[in-house]
Amino acid sequence: MADEPQKKSHLSALVGHTNGLTKPASLTATRSTGGGGGGATASSKKLVIKNFRERPKLPDNYTQDTWQKLHEAVGAIQSSISIKYNLEELYQAVENLCSYKVSATLYKQLRQVCEEHVKAQILQFREDSLDSLLFLKKINKCWQDHCRQMIMIRSIFLFLDRTYVLQNSVLPSIWDMGLELFRNHIISDKQVQTKTIDGILLLIERERNGEAVDRSLLRSLLSMLSDLQVYKESFEQRFLEETNCLYAAEGQRLMQEREVPEYLHHVNKRLEEEGDRVITYLDHSTQKPLIACVEKQLLGEHLSAILQKGLDSLLNENRISDLTQTYQLFSRVKGGQQILLQHWSEYIKNFGTTIVVNPEKDKDMVQELLDFKDKVDHIIEVCFQKNEKFINLMKESFETFINKRPNKPAELIAKYVDSKLRAGNKEATDEELERILDKIMIIFRFIHGKDVFEAFYKKDLAKRLLVGKSASVDAEKSMLSKLKHECGAAFTSKLEGMFKDMELSKDVMVQFKQYMQNQSDPGNIDLTVNILTMGYWPTYTPMEVHLNSEMIKLQEVFKTFYLGKHSGRKLQWQTTLGHAVLKAEFKEGKKEFQVSLFQTLVLLMFNEGDEFSFEEIKMATGVGFLQASSSFEVKDSSGKVCIIADLTVAFSVEYKTNVQKEFVHFFLPQNASVGSQSSCGKDNVSHPVLVLDFGGGHSLSLNFSESADKYQVEELVFHYNLSDATLFPNSTGGMKTVSHKSIIQAHMGTKYRCINSKHISMKNVNVTFSNVTLEAYLTNGTFSVNKTECAEDMVSTTTMVPTTPKQTTRQVPTTSPAPTSSPAPTSPPNPAVGKYNVTGPNGTCVLAYMGLQLNITYQKKDEKMGLDLLNFIPRNTTSSGRCDNTSALLNLTFEKTRVIFQFALNASAEKFFLQGVSVSTTLPSEAKNPKFEASNNSMSELRASVGNSYKCSSEENLQVTDQALVNVFNVQVQIFKIDGDKFGPVEECQLDENNMLIPIIVGAALAGLVLIVLIAYLIGRKRSHAGYQTI
């Protein structure tokens, strides 16, 4: 009987919606009774749980009645009306049905009800009267209602969804079933889908055109497509196609209409807009193809056009924000950064070339280069995010354009440094000067002609040190340290030697002042002399001038003092470096002039007279270069000037007499005249020619021609009459003619200017031009403002630092190291010393020991310059020659190279000397003209008395032409009166006489001697000459 109430209790629980979890009444009563009877009684009871002996049965019609309730509830939800039943009751009903194996039927019935409802919704979208927006709103409402309904339906049937459906993998969840039904019966309908997609695309198009649209509507609809898994196939593909067409057309149109900055702003705006669409309503998966489409059509298709149209202007105007945007946008596109790099490089090269190659900009070239470098550095740092590729390409581009004009940038950089380090430069503080020098060193790294820079820098440094014009010793040494760090110790060793000489000279002058104080007649003259080691300083040509007695006396006093302390040394006074301060008295008062020694000698003459002729000044001072320039003009038949020449010309001619050969030297006289053969030329018929007639039948012709943008003296012709006894006494010859090709070249529209000497060697004749200003093909009858400078005014080839050659073979080294790493330039290894001799009728007539090196600069086929260095190897060198009473030849041949030394005898002085050198060789195959020949027959080197030998342990450079240099090492040579194979007494070269030269210094620099001498010399003289004021 106890079991019967328990069964009833369980059935009651089932009917009462307890799902079998309601505690049985009997169990409750038993536990209560036990609890009330005391702990001992309760603890003695045991709880026994047993399975049902048989499963409870559902009441009849329970399934049908329950489904009816559920169907009514689903219908109410779909009709948006209130549900008559409690939701919990409905949920429990679903649970009860599922517990009694009716889940499959229940799921099928639910799907059928939902499907019928969804199918009924399609009818409202068949109306054609709906416009696009209304249709979208309607479809969106339908979707929202459907989602809401399915959420409520699923909440009622949740037990079914989590049990039966979950256990059957082939069945979609109730929510997925709803999505499937909506997709199959509404969105998959061709008409509905087309109108939906068209409407969405239309709204997006309107928004792109600037109209305001309902973004929440778009977000909801696109989310619907994504949830229904038709987003990609039905929408995204069409969306990207229309986007592609839109931006392709827009890109083509706006590239024509807008400037580059405006266009790039538009592109950036479009990219931001499309990114915002992805965030706001598009599916995230669309972002990558969408942005790629915009980038391709607005950027990728127009990369070159954008840069060609606007990059130069952006860079020229330094538009930082626009350049930053350009870099950012181009970095987004494949290949964009690479093409930006190419145009960046081209811009730098083109802009830099305009700075470097234009002679009109020479004055400001270096400052413009520094400003340009600062500008591109700032752009790289701010706009290009310090991209290493842009930095490296910038360096390569700078190196390319700065060397398009060989040597000139190197020269101007050296002069710029000189202007900054020279005293009187108050533009910068020490810190600013240091920054300027650092910037200059960056530009210096790019130039190939570092040897050219060294030559000019050495020359300017010498002037600053000797004239006391250096603004700061610390700045000088700082610059020297930078050069040493950049190029190595070998590059700066001579420059450091110059500083050392100046320090030693100060010590010597302290001792000299003490020496003068101990003299019985110290005088009132304070002498300052700098003692310079010849190998360190630039080459200065000694010149003998006629000093006055006071100056000569001071020289002798110092010589006695110095040689007394340093026996065996030889001092050579450099009068060309002398300066003086002149004190003069005029009616208006006293004046002081700071002038050169040569100017001093001229001005002092006017203490003795008021007027002197040019020849009188020349004779009194002994200044050999005093030769007045002569001016000449050629006019056409209408009187229009086509050629102007202002120049000094010196001639050296060898001719024969009945006794021997003679040499004569003379200048082009000032009374030379323009010959009748001179002409302005005619187009395509003849070229301009300037013929200068002088003396007894002599003439010098300059034949001009033009090519491209240049004009040149194509041929120089000299006719001289040996019958002119005035110039050629005792001559046995008649009229002679010599010529030389291509000596002068200049750009059209510029005047040719050459201050330094230019030597032209012809057979038996040497012509030297100096202080030349000339121009042909004139258009306005006068000299042009712009000028073309000659190579001689730029740098002497003797200062070049050659690249190290191999000992036995030729090589063509690179002209300079890369700008990013500049190794120290090294001098070539000294060649081995060979012994050579020539035997004549009276025995050995030439005996020579020497190491021989040939140095040739040539033009390559690609118009660049090459350098060929060759050391003669004695064991592979053959020698020959000949001798007569007054001359000797030494012919040395090594491989395909031949060098001929021509020695001559000065009978009156009983001295022999090297008169000429000829060179012939075959250059490397890369040379434009592989066959090379050169000669110079106007030398006066290796001089010694007959019977003695000339010896020099130092390197000596024998300049044949501007392109050819013969270097001799450890030379000892003797010509004539040789005893067997032994050298006679030695006469050392000046380079070996401890390499000392002494410039005369004024005040803090070159002519302290002359300063004091002239002050003392002029004090007490009361004569006043107004002519001083015109100097």
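Q: Which residue in β10 is the bridge partner of Phe 694?
A: Good place to start, keeping in mind that this is a predicted model. Phe 694 has His 698 of β10 as its bridge partner.

Q: What makes β9 and β10 count as paired strands?
A: Pairing takes at least two bridges. Strand β9 (residues 689-694) and β10 have 6 bridges, in the antiparallel sense, so they qualify as a pair. The two strands form a hairpin with 3 residues between them, and Gly 695 in that turn has a positive phi of about 60 degrees.

Q: How do you know that β10 also pairs with β11?
A: The cut-off is again at least two bridges, and 9 bridges join β10 to strand β11 (residues 710-721), with the strands running antiparallel. Within β11, His 719 stands opposite Ser 699. This hairpin has 2 residues between its strands, and Ala 708 in the turn has a positive phi of about 55 degrees.

Q: Why is strand β10 described as largely enclosed?
A: Of the 10 residues in β10 (residues 698-707), 7 are buried, so the rest of the structure largely encloses this strand.

Q: Why is Ser 678 called buried?
A: Buried means under 20% relative accessible area. Ser 678 comes in at 15% relative accessibility, so it counts as buried. You will find Ser 678 in the loop between β8 (673-674) and β9.

Q: Which residues touch the most other members of the largest nonpolar core?
A: Trp 344, Phe 453 and Tyr 457 do, in a core of 87 residues. Apart from it lies another core, of 62 residues, including Ile 77 and Tyr 107.

Q: Over residues 1000-1031, what does the pLDDT do?
A: There the pLDDT stays under 50. The model has 119 contacts beyond four places in sequence for this stretch. Where pLDDT is low, the predicted coordinates should not be read in detail. For the protein chain, the average pLDDT is 81, and 86% of the residues score at least 70.

Note on methods
Residues are numbered from 1 along each chain as its sequence is written. This is a predicted model: local features need pLDDT of at least 70, side-chain atom pairs count only at pLDDT 80 or more; totals for chains, interfaces and linings use all residues. Side-chain values use heavy atoms; hydrogens and water are left out. A nonpolar core is a set of buried Ala, Val, Leu, Ile, Met, Phe, Trp, Tyr and Cys residues joined through side-chain atoms within 4.5 Å. Buried means under 20% relative accessible area, exposed over 50%, partly exposed in between (1.4 Å probe, protein chains only). pLDDT is the predictor's confidence in each residue, from 0 to 100. Contact means heavy atoms within 4.5 Å. Helices (H or I, at least four residues) and strands (E, at least two) are DSSP runs, numbered from the N terminus.
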